[in-house]
Amino acid sequence: MHRRLCTTTGLLAGLFAIAACGPDSTTVSPDKGSAAPEQLGGIALELDEARMFAAIEHLAADALHGRYSLAVADLGAAADYITAEYNKVGLKPVGESFRTPFTIESGWEPGPDVQVWVEIGEEVIEFSADKIGSLANGNGDVVFGDATFVGAKTPKSVNGAIAIAHVAGDTGVTGLRARANELEKAGARAIVLIAPSLATTDDRIDAAVPVVVMAESDAVRWMPKGRKAVGKKIPGLKISLAAKQLPVQHPSFNLLAWIPGTDKPDEIVILGAHFDHIGTNEFGHACSRVDDDTTCNGADDNASGSAMVLEIARTLAESGYQPRRTLVFAHFAGEELGLLGSKALADEPPDAAPFTTGKVVAMINLDMVGRYREDAGLQVGAVSSSDQWRELVEAAGPQGLRLVFERSVTARSDHANFYSKKIPVLFFFTGLHDDYHRVGDHAEKINREGMAAIARIVGHLTTAVGNGARLDWSEPRSADEGAVSRLPASDAKTIEQP
Ligand SMILES: [Zn+2]
């Protein structure tokens, strides 16, 4: 589950609203008689629950350090485990490898055009990217003109000049940012910070004008000395400055396995879940340590969904199941960084079968399916994306669970990238909890019985759709049915009546 940019209080308030909805008016009650597997997939679906939980324990182990997408070894270890399991049951990769590459852009680095030219009379001294730290782009254009030396103290106004400032104190990004912000406020149209040494940093600072840092040793020849020069235009000196930065490109990958369809091979049904998480407390602010625990294990988010996709795929492969439509089992990376892996698959499917000729006709997404609680229910989101979804889910369930059907489509997990392409999507979710994006999201807290029941529902649903069940796209008929930033079951208005 991708964290929305809002406060925890807001999310918890949303949860509270679910509890306040009351089971009678808003939900489907458990019903002992579930449909027989024969009616659904035409196969007896014998899921190996122990094997599914073993997969959660493996993926959520401390050794995988919370599966952060930019931690190549950790994500790779998770991927190696999943693909080894696919190999054991003879499932085929999409393309030559289970890994379908895509690129994650995160952080910034100087582009090839970062340059500063200092003109002293006739002479031009050129400083290229290795001599400059670029902290803010401005609008990307080259800035050219006279420069004013402001020394170590920022004056009230620099009247739209290019400001050359001496930074003596804190030359970490905090100090540089503070100085740049002062100078921007004073009206500088570009800022050159001269620091004792070149601060190489991939940090960017918030400034609307270009900001660069240079080392004192590179500035001794042309930076004025003495108090008299402070606050004045530097005579005979002009500066050109281009500070353009580029996002840093990190190679990443999704994992894709598939079973070809028999008579509708070009109709692709994706069963997907993200397998990345937010890592350890080393990776920015997202995961904070509690006592000695520094790892956000992500057992529910989303080892649970990954293990469920894997288990359904393995069971179908072992049974020799031949769906009429093509089934693709997808494990997405980059979800926690902004649904990036699923976006890559939705926008640019790989140039390999079945995607070369096939089209995605449905996407079922599992994100946090391991903490089933009766009060929150099994939340089935995005049912409005096809008029047939609800009936298909009811035929597969409820397997003793309380189902909550949600019409709106939350934009906070991977199905959103397929929904925006007008593909019927469905989202299974057991709700937020106190361990969400925290170090306590451990495997032993998974509700195994609940998860086994969800796996049966999703397994039967997948075979029903795989067998060619009718599934038409439905345009949103009201604001309640389109994409929203909130989670399922957080607004009583959009929960379907039983
Ligand atoms: Zn998450």
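**Notes on the predicted model**

1. P398 sits in the loop between α10 (389-396) and β16 (403-405). The peptide bond that leads from G397 into P398 is cis, with omega near 0 degrees. The model is a predicted one, and these torsion values should be read accordingly.

2. A cis peptide bond also joins A353 and P354, where omega is about 5 degrees. P354 belongs to the loop between α9 (340-347) and β14 (359-366). As background to both points, most peptide bonds are trans.

3. A382 counts as buried because it has 29 C-beta neighbours inside 10 Å, and the cut-off for burial is 20 or more.

4. K422 likewise has a positive phi, near 60 degrees, and is not a glycine. K422 is placed in the loop between α11 (416-419) and β18 (425-429). Is K422 buried or exposed? With 11 C-beta neighbours inside 10 Å, K422 counts as exposed, since the limit for that class is 12 or fewer.

5. Helix α5 covers residues 72-88, 17 residues in number. From its first C-alpha to its last, α5 reaches 24 Å, close to the 24 Å expected at 1.5 Å a residue. The buried residues of α5 are D74, L75, A78, A79, I82, E85 and Y86. Viewed down the axis of α5, these buried residues fall within an arc of 130 degrees, and therefore line one face of the helix. An α-helix has 3.6 residues a turn, so residues three or four places apart point the same way. On the other side of α5, the residues V72, A73, D80, A84 and K88 are exposed. Just after α5, G90 adopts a positive phi of about 75 degrees.

6. How do α10 and α12 pack? Helix α12 comprises residues 448-466, and α10 packs with α12 at an angle of about 125 degrees, their axes being 8 Å apart. That angle makes α10 oblique to α12. The contact involves L392, V393, A395 and A396 of α10, together with I457, H460, L461, A464 and V465 of α12. The crossing of α10 past α12 is right-handed.

7. Q379 is located in strand β15. With 26 C-beta neighbours inside 10 Å, Q379 counts as buried. The C-alpha atoms of Q379 and F428 are separated by 5.8 Å, although the two residues are 49 residues apart along the chain. Leaving aside neighbours within four places in sequence, Q379 is in contact with V404, E406, F429, T430, G431, P488 and A489.

8. For the chain as a whole, the protein chain contains 12 helices and 19 strands. Of its 498 residues, 49% are buried. Among contacts with a separation of 6 or more, residues 24 or more positions apart account for 83%. The pairing of Q379 with F428, 49 residues apart along the chain, gives one C-alpha distance across such a separation, 5.8 Å.

Notes:
Residues are numbered from 1 along each chain as its sequence is written. This is a predicted model: local features need pLDDT of at least 70, side-chain atom pairs count only at pLDDT 80 or more; totals for chains, interfaces and linings use all residues. Helices (H or I, at least four residues) and strands (E, at least two) are DSSP runs, numbered from the N terminus. The expected span of a helix is 1.5 Å times one less than its number of residues. The arc is that of the directions from the helix axis to the C-beta atoms. Two residues are in contact if their C-beta atoms, placed from the backbone, lie within 7 Å. Axes are lines fitted to C-alpha atoms, for helices over the stretch in contact, and angles run from 0 to 180 degrees between N-to-C directions. Angles under 35 degrees count as roughly parallel, over 145 as roughly antiparallel, 65 to 115 as roughly perpendicular and the rest as oblique. A crossing is left-handed if the near helix is turned anticlockwise from the far one by less than a right angle, and right-handed if clockwise.
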